[in-house]
Amino acid sequence: MEDKIQVIVAKTAGFCFGVERAVNQVYQQIESGVRPIYTLGPIIHNEEVVKDLEQKGVRVISREEIRDIHEGTVIIRSHGVGRQVYEELEKQGVHIVDATCPFVKKIHHIVEEQNRAGRRIIIIGDSTHPEVEGIRGWADNRTLTAKTEEEIDSFVLKKDEKICFVAQTTFNYKKFKYLVEKFSKKGYDIIVFNSICSATEERQKEAERIASQVDAMIVIGGKSSSNTRKLYEICKMQCGNTHFIQTLDDLQPESGNSVRSVGITAGASTPKNIIEEVHTNVRTKF
Ligand code: F3S
């Protein structure tokens, strides 16, 4: 019976393009033999990966610790950082490996350019998120951030101000559109860059499609990862027999259900080897 089970693995399961690229860059630095290697903040929100890197000699440092680093390589993660951080690193004489996601880098360029042209920047996103902090670091101190209607309404601006809107890459598109449309009624000269990245939405759409076609669905990711939980909820709506697991060991399907097809997806911080392990062994579990 076992070998008859069809297994479908989502193409968008796991790391998005930007995170995969950043993680690969860290491993490339390790292989190249340069030492010491630092990442500015954890390269990814996955303890296993960070621990593995630590064992290979990669240390996570905070922004404040930059001043103590005088040699080696500092890797900037996919979220990106503000201009000042590059300047600080250069001053310290360290080698910079910039793993900022190209989609985020594009926002930095837009913000810098539009700000130079006199526009005030409004970022739609979470002001405490490192990506947003980084974006803010490419414009002047007039820059504002909002993620709710109330915040947008509370802005007091001069009548003739010119505005440029950008979004945090993971922000919800409908909400972004709604907030910008609401603001545009105030009559300012605005330009809008929809800088939302489609990776998250594509992962969710593919998971939903697969879950609607299979007898059992597996979602792999950390229990505290909010994007994995969201994936689980989406799949559960389509397939009652959906399992949220961190590793293969967690997969304990109820016996007696006849399962002929299984779908697999994974959250944004789930490494490929965990997905592959589940893929390889899933048939033995049902
Ligand atoms: Fe990932 Fe870059 Fe999009 S880090 S979510 S591919 S903006």
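Modeller: Two residues are said to be in contact, or to touch, when they have heavy atoms within 4.5 Å. The chain is a predicted model, in which local features need pLDDT of at least 70 and side-chain atom pairs count only at pLDDT 80 or more, while totals for chains, interfaces and linings use all residues. Residues are numbered from 1 along each chain as its sequence is written, and side-chain values use heavy atoms, with hydrogens and water left out.

Glutamate 161 counts as buried because its relative accessible area is 8%; buried means under 20%, exposed over 50% and partly exposed in between, with a 1.4 Å probe and protein chains only. Its place in the chain is the loop between helix H6 (149-153) and strand E8. Helices (H or I, at least four residues) and strands (E, at least two) are DSSP runs numbered from the N terminus.

Strand E8, at residues 162-167, is joined to E9 by 4 bridges, and the two run parallel. Within this pair, isoleucine 163 stands opposite isoleucine 190 of E9. Two strands are taken to pair if DSSP finds at least two bridges between them. In general, the strands of a sheet pair through backbone hydrogen bonds, either parallel or antiparallel.

Both strands belong to an open sheet of 4 strands, with parallel pairing in the order E7-E6-E8-E9. Its edges are strand E7 (144-146) and strand E9 (189-192), each of which pairs on one side only. On average, neighbouring strands here are turned by 25 degrees against each other, direction ignored. Helix H4, residues 102-116, packs on this sheet and touches strand E6 (120-124), E8 and E9; the direction of H4 makes about 175 degrees with that of E8. For such angles, axes are lines fitted to C-alpha atoms, for helices over the stretch in contact, and the values run from 0 to 180 degrees between N-to-C directions.

The chain also holds another open sheet, in which 4 strands pair in parallel in the order E3-E2-E4-E5. Strand E3 (58-61) and strand E5 (95-98) form its edges, each pairing on one side only. E2 and E3 run parallel and are joined by 4 bridges, with leucine 40 bridged to isoleucine 61 of E3.

Helix H1 lies across E2, E3, strand E4 (73-76) and E5, and runs at about 145 degrees to E5. Glutamine 25 is in helix H1 and counts as buried because its relative accessibility is 16%. Leaving aside neighbours within four places in sequence, the contacts of glutamine 25 are Val97, Asp98 and Ala99. In the loop between helix H1 (17-32) and strand E2 (37-40) lies proline 36. The peptide bond leading from arginine 35 to proline 36 is cis, with omega near -10 degrees.

Alanine 266, in strand E12 (residues 261-266), is counted as buried because its relative accessibility is 0%. The C-alpha atoms of alanine 266 and phenylalanine 244 are 9.4 Å apart, with a sequence separation of 22 residues. Not counting residues up to four places away, alanine 266 touches Ala13, Gly14, Arg203, Ile220, Leu231 and Ile275.

As for the chain as a whole, there are 10 helices and 12 strands, and 46% of the 286 residues count as buried. The C-alpha trace spans about 70 × 50 × 20 Å along its principal axes. Of the contacts with a separation of 6 or more, 68% are between residues 24 or more positions apart.
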